[in-house]
Amino acid sequence: MIEQRFKCPTCHEISTFYGDPGETQVVTCTHCNTKGRIIITGEKPGNDVAIEVSHLKKVYDDLIAVNDISFRVKKGEIFAFLGPNGAGKTTTVEMIESIRTPTEGAIKLLGTDTKTGFNQVKERISILPQEFHSFERFTVRETLTYFSKLYKKRANIDEILEAMDLRTHEKKLYKNLSGGLKQRVGVALSLVNDPEIVFLDEPTTGLDPKARREVWQVIANLRNKGKTVFLTTHYMEEAEHLADHIAIIHKGKIIAEGTLQELLTKYGEKTTLYIKNCHSEDAKLVLEEKGFEVNSSGNSDLMVKIDYKEKVLEVLSELRHECIEYDGVDIRGSNLEEVFLRLTGARLTEEEEP
Amino acid sequence: MNLRIVGVDFLYSIRSWSRSRGTVFWSLLFPVMLILLFGAIFSGMGDSKYTIYVQDLDNTDMSQSLVTILNKTGILTIKNVSTNQPITDYIKENNIKNLIVIPKGYENDVTNSFVDPDMKVNLTYYYDPTETQTNQILRSVISSVLEGLNMQLTQGKTIIGLSEQSTITENFGFIDFFIPGMIGFTIMQQSIYGSIERNTKFRKDGILRKLLTTPITRSEWILAKMLFMLFLAFISTSVAIGVGVLAFGIKVNINLLTIVIVIATSFLFSGIGMIIGRFVKEEETADMAAGAISFPMMFLAGTFFAVESMPAIIQIISRALPLFYVNEGLRNAMIYMNQTEALINGGIVLIFAAIFFIAGVILTKWKED
């Protein structure tokens, strides 16, 4: 199965589809829902693909939780599966992990079809389920040892404790650990079989900012160890901070996919230059004459849209040239929140469970 | 089946269990406390019993009149025993607790006593010495009836007396009745609540989802947990017997049937726990459901008091409960040495165990819908 991008003849947006070379598919544009027929061209991918998902669907009675999604995750990358609560993230990841049975579609992990060969691939993957709590009366070391002994291939527990900065807590009972430490142990558990793919489902939910950053560091280290990380999250900062590749899921469908830069470029707003306390009435006119898009707020701040950050100097030199005074400037770039807002009309953090 | 993995899970289960003071308390010390408490309070006492069997060997107007008077007390339910039955065999085969034999010649002897002042006639009262409270009540009722008859016939002279004979050759007390009941009760509690923890808390905590993606299979995991439950069951049984022997001097016979019933009990109630865990997702609700099942069963199945002391309708319910057969089976196998009865009870427990455990295993799922 390979990835193929097509431009919609109606809305001219680019959508990504997956299929085998030569395969003809009837597809729907993810932006305007125009239907059409496409032919997948190109050659089959090499062995650099860790996860392949094609046309995955999960239906519960009258609810379509996951609606015909396809994507690929390359080996060694952190793939963030981003979406609000109830968007279908966990359902998707649990189908990939064979915890749930898909209604339709196919999943390959490290080239193995999970429908028939999941048991063969178990030794090579590891998961941290959402809201995971391990056995309360095991110490940290015992927890790691217990799960390690379930596998044939075992990583060195001491090395994991060291790498996860858990050495000082190894004799503590799991139930006595803080939330951040528990999550760190959860991630550490994902390494006991030295897996090739690590699935982390909402690993930082419920953690305070400090604990969240600690877990981020641990996840970043996984990439450094060459692991493929499938990260499910509803925190855009998490995806921005960690991910090599991001897929945004909304109402069971992938609505955007790419690197952070690709998503911001494609769907983000322009960078905004905030000029604070600029009381001159001429300032807006001067900048507009120079072709800038300028908005003013009620508190005498000016907001100037700029294509790229280098334009800041140009704006400021115009103001200086006209002897226009202001208190300071602030540059705000686009982010995934804006991307999501633009794509769905809703804020990522405010979406409720269906 | 990977026995190495089964062994790992089994050993870690024991380690985890031993670290929970609460679990150890409820598994071991609580039953010990109950045994000591109930043993101290009720040793030498028994339970009330209202059903009494009567074998009328005389079968005359006067003997039938005596049966009618006993029946009219309103306290006793009379059940007649055929005169052809050898009484000791009948008692043993039917596990009879209370029985009166009206001797042949009863009417003749009573009539003769009017002319012969030395003539007396004795009814024989067979009783279960483990149910001393019941015996006291019945003895009192029968004595009152006989006193009334004596008064009516001879103005106070005792011509109809009562001789007593134990239904069992050995002298058993309440504690002999109670210890097997506590063993059954403890295994039931451990197995039901253990299963529920594994099937609700572990599910909520994501442990089952995690295990699903590791090489351990569901059957290996269930086998490991059942080995652990059997370990607990035998520990509890040993502790209960130890306390009974050391503190109350009971005499216990450990035999193959006892071991089979203990194993079957563990499987039976683990199966019930699995079924509850499958349908009740919330941990707290599952605990309540387990309580709703085990608590009434504890009282109705003859753990603390003999089922025979309960109203007839309750006795019917009691005999539908698996714990009743566990308790009776253990008593017959361990204490009363009534191996025929124990075999029947054990067989019923095995059938219950097979049904509930197989249903539980089928219903236990790691996968989500």
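Predicted model: local features only at pLDDT ≥ 70, side-chain atom pairs only at ≥ 80, totals over all residues.
**Entry 1: the end of α13(B)**

I started at Met337(B), which follows α13(B) and has a positive phi, near 55 degrees. The helix itself covers residues 322-335 of chain B, 14 residues in total. From first C-alpha to last I get 20 Å, close to the 20 Å expected at 1.5 Å a residue (the expected span being 1.5 Å times one less than the number of residues). Helices here are DSSP runs of H or I with at least four residues, strands are runs of E with at least two, and both are numbered from the N terminus. α13(B) is mostly covered, with 14 of its 14 residues buried. Buried means 20 or more other C-beta atoms within 10 Å of the residue's own, exposed means 12 or fewer, and partly exposed is in between, with C-beta atoms placed from the backbone.

**Entry 2: ground rules and confidence**

Residues are numbered from 1 along each chain as its sequence is written, and chains are lettered from A and ligands numbered from 1 in the order in which they are written.

I checked pLDDT (the predictor's confidence in each residue, from 0 to 100) for chain A: the mean is 85, and 95% of its residues reach 70 or more. Over residues 350-354 of chain A it is below 50, and this stretch has eight contacts in the model beyond near neighbours in sequence. A contact means two C-beta atoms, placed from the backbone, within 7 Å.

**Entry 3: the four-stranded sheet of chain A**

The strand order in this open sheet is β16-β17-β15-β18, with antiparallel pairing; two strands pair if DSSP finds at least two bridges between them. β16 (293-296) and β18 (328-332) of chain A are the edge strands with a single partner each, so one side of each has no neighbour in the sheet. Neighbouring strands are turned by 25 degrees against each other on average, direction ignored. For angles, axes are lines fitted to C-alpha atoms (for helices, over the stretch in contact), and values run from 0 to 180 degrees between N-to-C directions.

I then looked at β15(A), residues 271-276, which five bridges join to β18(A). Leu273(A) has Ile331(A) as its bridge partner there. Helix α9(A), residues 282-289, packs on the sheet and touches β16(A) and β17(A), at about 160 degrees to β16(A). Helix α10(A), residues 311-321, lies across β15, β17 and β18 of chain A, at about 140 degrees to β17(A).

**Entry 4: the six-stranded sheet of chain A**

Here I read the order β10-β11-β12-β7-β13-β14, an open sheet with mixed pairing. The edges are β10 (125-128) and β14 (253-258) of chain A. β7(A) and β12(A) pair in the parallel sense over five bridges, and Ile78(A) stands opposite Val229(A). Helix α8(A), residues 260-267, lies across β13(A) and β14(A), at about 110 degrees to β14(A).

**Entry 5: Val187(A)**

Buried or exposed? Val187(A) is buried, since 23 other C-beta atoms lie within 10 Å. This residue belongs to helix α5(A), residues 179-189. Beyond neighbours within four places in sequence, its contacts include Leu128(A), Met164(A) and Val215(A).

**Entry 6: where the chains touch**

I find 23 residues of chain A and 18 of chain B in the contact. On the chain B side, α1 (3-18) and α8 (207-212) each supply at least two residues.
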